[in-house]
Amino acid sequence: MRSGDTAAYAELVMLHASVAKRTAVFLGAGSEADDVVQESFVKAYRGLGGFREDAAFRPWLLRIVANETRNMQRSRSRRTRREELAALPESVLDPADEAAIGERRRELLAAVRELPENYRLVVTCRYLLELDEQETATVLGWARGTVKSRLHRALGRLRTQLPDKEVQR
């Protein structure tokens with residue numbers, strides 16, 4: 001792949017495009033998520049020479065997506081910032097079950113959106129994108145201990161905001 005094998009890289013794009021888009025949307029790219037993802041894959045391809053062979057590709061790519069999302073947000077003009085939810089993966093739940101959890105999901109996502117940015121980012125990576133602590137640390141550019149402490153504080157705030165709901169410890 002590092003030698004410029006475009007077929008191998010195309011396979012990586014197919015494998016990681018969905019999580020890259022979800023990451024961009026959850027981190028605030030909204031309707032510009034496709035552009036962020038496309039630019040991220042271009043930068044990743046160009047940066048393959050600096051990719052460590054012993055490192056995992058996914059966290060490295062998602063770090064690029066996170067940086068591109070921040071770059072896009074900084075370059076936005078004063079237009080109203082709209083956060084959109086990513087198209088969540090197709091659910092295999094019965095429609096009745098899906099309807100029952102719909103309201104709870106909306107409440108939880110609204111509470112996550114109200115968190116301060118650092119807390120919102122760590123909760124998004126760990127629970128919405130289902131990254132482990134090390135992947136979250138890599139994506140956000142934080143130490144693993146910072147991920148742990150901010151996640152603990154964020155979950156505490158969510159428990160306060162949603163006292164009658166179950167918030168994972």
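Colleague: What volume does the second largest pocket have?

Modeller: This is a predicted model, where local features need pLDDT of at least 70 and side-chain atom pairs count only at pLDDT 80 or more, while totals for chains, interfaces and linings use all residues. Residues are numbered from 1 along each chain as its sequence is written, and side-chain values use heavy atoms, with hydrogens and water left out. A pocket is an open set of points, on a 1 Å grid over the protein atoms alone, with protein on both sides within 12 Å along at least five of seven lines; lining residues have an atom within 4 Å of a point. Grid points are joined across faces, edges and corners, and a volume is the space filled by probe spheres set on the points; for the second largest pocket it is about 220 Å³.

Colleague: Which helices each supply at least two residues of the lining of that second largest pocket?

Modeller: Among the lining residues are Gly50, Phe51, Pro59, Trp60, Arg63, Gln134 and Thr138. The lining divides into five nonpolar, three polar and three charged residues, with Ala, Val, Leu, Ile, Met, Phe, Trp, Tyr, Cys and Pro taken as nonpolar, Asp, Glu, Lys and Arg as charged, and the others, Gly among them, as polar. Helices are DSSP runs (H or I, at least four residues; strands are E, at least two), numbered from the N terminus. On that basis, the two that each give at least two lining residues are helix 3 and helix 6.

Colleague: Is helix 6 largely enclosed or open?

Modeller: Helix 6 covers residues 133–140, and six of its eight residues are buried, where buried means under 20% relative accessible area, exposed over 50% and partly exposed in between (1.4 Å probe, protein chains only). The buried ones are Glu133, Glu135, Thr136, Ala137, Val139 and Leu140. They pack against helix 3, helix 5 and helix 7 (144–161). With six of eight buried, helix 6 is therefore largely enclosed.

Colleague: Which residues does Glu133 touch, not counting those up to four places away in sequence?

Modeller: Glu133 sits in helix 6 and is buried, with a relative accessible area of 18%. A contact here is a pair of heavy atoms within 4.5 Å. By that rule, and skipping residues up to four places away, Glu133 touches Arg126, Arg144, Val147 and Lys148.

Colleague: How many aromatic pairs does a search of the whole structure find?

Modeller: Rings of Phe, Tyr and Trp (its six-membered ring) pair if their centres lie within 6.5 Å; planes under 30 degrees apart are stacked, over 60 edge-to-face and the rest tilted. Ring pairs link Tyr9, Tyr45, Phe51, Phe57 and Trp60 into a cluster. For the whole structure, the number of aromatic pairs is five.

Colleague: What is the angle between the planes of Phe57 and Trp60?

Modeller: Phe57 and Trp60 are three residues apart in helix 3 (residues 57–75), so about one helical turn separates them. Phe57 counts as buried because its relative accessibility is 10%. The pair is tilted, at 5.7 Å centre to centre, and the angle is 50 degrees.

Colleague: Which residue lies over the face of Trp142?

Modeller: A charge sits over a ring if NZ of Lys or CZ of Arg is within 6 Å of the ring centre and within 35 degrees of the ring normal. Arg126 over Tyr127 is a case, at 5.8 Å from the ring centre. Over Trp142, at 4.4 Å from the ring centre, it's Arg150.

Colleague: Which helix gives the largest share of the lining of the second largest cavity?

Modeller: A cavity is a set of grid points where a 1.4 Å probe fits but cannot get out. The largest share, four residues, comes from helix 3.

Colleague: Is Leu115 buried or exposed?

Modeller: Leu115 lies in the loop between helix 4 (95–114) and helix 5. Leaving aside neighbours within four places in sequence, its contacts include Val123, Ala154 and Leu158. Its relative accessibility is 5%, so Leu115 counts as buried.

Colleague: And is Glu130 buried or exposed?

Modeller: Glu130 is in the loop between helix 5 and helix 6, with a positive phi near 55 degrees in a residue other than glycine. At 64% relative accessibility, Glu130 counts as exposed.
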